[in-house]
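I opened this notebook to record a look at packing and charge pairing in one model. The entries follow the order in which I looked things up.

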Amino acid sequence: MKIDAHQHFWKYNPVRDAWIDESMQCIRRDFLPADLESLLKENGMDGCVSVQADQSEEETEFLLELARTSAFIKAVIGWVNLRADDAKDRLSHFARNEKFKGVRHILQAEPSEFMSNSEFRYGISCLEPLGLTYDILVYPEQLPSAIQLVRRFPNQAFVIDHLAKPNIKKQEIKTWEGDIRLLAEMPNVHCKISGMVTEADWLGWKPEDFKPYLDVVFDAFGTGRLMFGSDWPVCLLAAQYEEVLGNTNEYLEALTSQEKNKVMGGNALTFYNLK
């Protein structure tokens, strides 16, 4: 089964979605299952993992309702306030839904010390007993804090979104590579091959721009802890769905069929415990 392990849905709200600025006009609209389903079919994908873009339980409910009515949405990675006194109860509430597989907080918008906050770490400690995963969304400069976080929870399943957003446009790699390799030393950490086109030159990227970064994560994590994600519709700022998928498929050409199957769906099935 081929799984797109990272995409988003939203009903565009200019106040709530203020992060979609003037440079992002093409995604200032609704993106719903009907928009994605045909793209998945056309590109040979069997399903997707829908990830939160707004930090509210309302969006978590919204995504779960979409998943209820659209069978190709195999999992929802929602948002729960992990620093709240009732975090454990709220996580337990959502975990009753078989498609609620994990949570994410937009850590890239927080100071690095957010990850060492005791309330936040308590919330993280509530995930593993419920079988829930955690998606880490950070910039490269936040990776040292992410390393400390995952070391604190060696039994918690973590996944790094978008390769931790290296600056591909400027081809910055050295410091990012060192930290990524440290993260990869921990077997409970996976990584998503996603979000690369929007970290490159939106109008002038080339497939070879991504190779040095892919070389690092494939060497560090191996094919058993990597998963493809389109980051649709955010990817539309720089590339169409088939271009994002094509970049990954081109890199995978040198791998065995078994290795390709892991990256393109098998690892997501296992990591998120998909049905």
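Leaving aside neighbours within four places in sequence, with which residues is valine 217 in contact? I found Leu163, Trp176, Ile180, Cys191, Gly222 and Leu226, contact meaning heavy atoms within 4.5 Å.

Basis of the entries. I worked on a predicted model, in which local features need pLDDT of at least 70 and side-chain atom pairs count only at pLDDT 80 or more, while totals for chains, interfaces and linings use all residues. Residues are numbered from 1 along each chain as its sequence is written, and side-chain values use heavy atoms, with hydrogens and water left out.

Core. I looked up the nonpolar cores, each a set of buried Ala, Val, Leu, Ile, Met, Phe, Trp, Tyr and Cys residues joined through side-chain atoms within 4.5 Å. Buried stands for under 20% relative accessible area, exposed for over 50%, and partly exposed for what lies in between (1.4 Å probe, protein chains only). The largest core has 82 residues, and Tyr134 and Val217 have the most contacts inside it. Helix α7 (residues 211-221) gives the most to this core, with seven residues. I noted a second, separate core of 12 residues, which includes Val49, Val51, Phe271 and Leu274.

Helix α7. Helices (H or I, at least four residues) and strands (E, at least two) are DSSP runs, numbered from the N terminus. I listed Tyr213, Leu214, Val216, Val217, Phe218, Ala220 and Phe221 as buried in α7. Their cover includes α6 (174-184), β7 (189-193), β8 (226-228), α8 (241-252) and α9 (257-271). Just after α7, glycine 222 takes a positive phi of about 75 degrees.

Salt bridges. I required a side-chain nitrogen of Lys or Arg within 4 Å of a carboxyl oxygen of Asp or Glu, and the count by this rule comes to 14. Glutamate 57 and arginine 90 pair at 2.8 Å, N to O. The two sit 33 residues apart, in helix α2 (residues 57-69) and helix α3 (residues 87-95) respectively. Glutamate 57 counts as partly exposed because its relative accessibility is 21%.

I then took lysine 165 and glutamate 199, whose side chains meet at 3.7 Å, N to O. Lysine 165 lies in the loop between β6 (158-160) and α6, and glutamate 199 in the loop between β7 and α7, so the pair ties together parts 34 residues apart in sequence. Lysine 165 is buried at 15% relative accessibility, and glutamate 199 is buried at 18%.

Last, I recorded that Arg104, Asp135, Asp161 and Lys192 are linked in a network of salt bridges.
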